Amino acid sequence: MQQAAHYKCPCCGASLTFGSQSQQLDCASCGNSFPLETLQQLSDVQVENTTDDQLQWQYAGGGGYTEEEAAHLRSYRCQACGAEIITDETMAATECVYCGNPNVMPQVFTGAYRPDGVIPFQKSKQEAQNALRNHCQGKKLLPNGFMDENKIEKITGVYVPFWLFQADAEADCTYNATKVSTHREGNYMVTRTAHFLVRRGGRLGFNQVPVDGSSKIDDTMMESIEPYDSKKAEAFSTGYLSGYQAQRYDVDAEACQPRANERIRQSVAATMAATVAGYATAVPTNTQIQLQHSQVHQVLMPVWMLNTRWQDQTYTFAMNGQTGQFIGDLPVDKGKFWKWLLGLTLLIGGGGTAIAYLLFNMGVL
């Protein structure tokens, strides 16, 4: 069984978690804070007693994981209480289900899985709760009681693996365009349509186009809370993961390339089309894009995931842990909806009747 890393306070021995405000490892017990470098230096000089327990027991039970299941599972020992933590192969940081202390599994990020950087959490758990409340404010069709405290089932800070694609895009686009003019000739209105072949070309630089590298996270939701400021990414250290969940990628860069190419293509097409002005219509006929100086990096991005339940249905929300961008669908009270629709119908009908009565008195109708 492998050992999970657990950051302990050198002063009181309590668990340390990375603070979004202090940008250090904070102790909730004694109030001290420690830079990541200090804790790393301390762990380098400490030698722990690793003597094995001499008591041996033979397990007489039956069953167990299949070979296929076991191939994707990993077992770790919590350094706070000694309990066994079983996770899948992509989990790199989590909480012990027995004692609740944060545990980090640095060996998950070895070799090619080691990220190039990490964007630390800038928004706290309380800010995520407040963002959900603000998201619900003013929603007149929201069911009563939806935002009761007991409806918020879980709030989890997660470091999500992203691939960042950087490249220069050389674009060559052609369009079939038209200009339309109308004039009168005697008793006739004559419309003339002139046809043009329009060509546009140029180079656009794309800096850090993100694509979610985890199959467990909804890609549309992750794109909805963009952008991140990747310039503020720090050199990767497992200390940033303490107190949060973290996953390594299970979708590699090559598998993410089609989505990155599509996002770049859409951006190039929109930019080029915006330059074709002064025409009645402009239909693209050919778009060619060549990438140059392309690079790919892996960075862990901070995300707050919030889950609520309403009438046996789960609603999931996400917040950008760096900027606070918040998204998520809300339930609709059907009774309020029908009342609102009825009121709107009566308002429109009443307004139409009043206008018709006015036009009738004016002799128009």
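Here are a few questions and answers about this predicted model.

Me: What distance separates the end C-alpha atoms of helix H3 (residues 125-136)?
Reply: H3 has 12 residues, and at 1.5 Å a residue they should span 16 Å. The distance in the model agrees with that: the end C-alpha atoms are 17 Å apart.

Me: Within what arc do the buried residues of H3 fall, seen down its axis?
Reply: The buried residues in H3 are Ala128, Gln129, Ala131, Leu132, His135 and Cys136. Look down the axis of H3 and they line one face of the helix, because they fall within an arc of 160 degrees.

Me: Which residue with a positive phi follows H3?
Reply: Let's step past the end of the helix. The phi there is positive, near 80 degrees, and the residue is Gly138.

Me: Is Gln292 buried, partly exposed or exposed?
Reply: Gln292 lies in strand E13 (residues 281-310). Buried would need under 20% relative accessible area, and exposed over 50%. Gln292 has 30%, so Gln292 is partly exposed.

Me: How far apart in space are Gln292 and Gln166, C-alpha to C-alpha?
Reply: Leaving out residues up to four places away in sequence, Gln292 touches Ala167, Asp168, Glu170 and Arg203. Gln292 and Gln166 are 126 residues apart in sequence. In space, C-alpha to C-alpha, their separation is 9.3 Å.

Technical notes:
Residues are numbered from 1 along each chain as its sequence is written. This is a predicted model: local features need pLDDT of at least 70, side-chain atom pairs count only at pLDDT 80 or more; totals for chains, interfaces and linings use all residues. Side-chain values use heavy atoms; hydrogens and water are left out. Helices (H or I, at least four residues) and strands (E, at least two) are DSSP runs, numbered from the N terminus. Buried means under 20% relative accessible area, exposed over 50%, partly exposed in between (1.4 Å probe, protein chains only). Contact means heavy atoms within 4.5 Å. The expected span of a helix is 1.5 Å times one less than its number of residues. The arc is that of the directions from the helix axis to the C-beta atoms.
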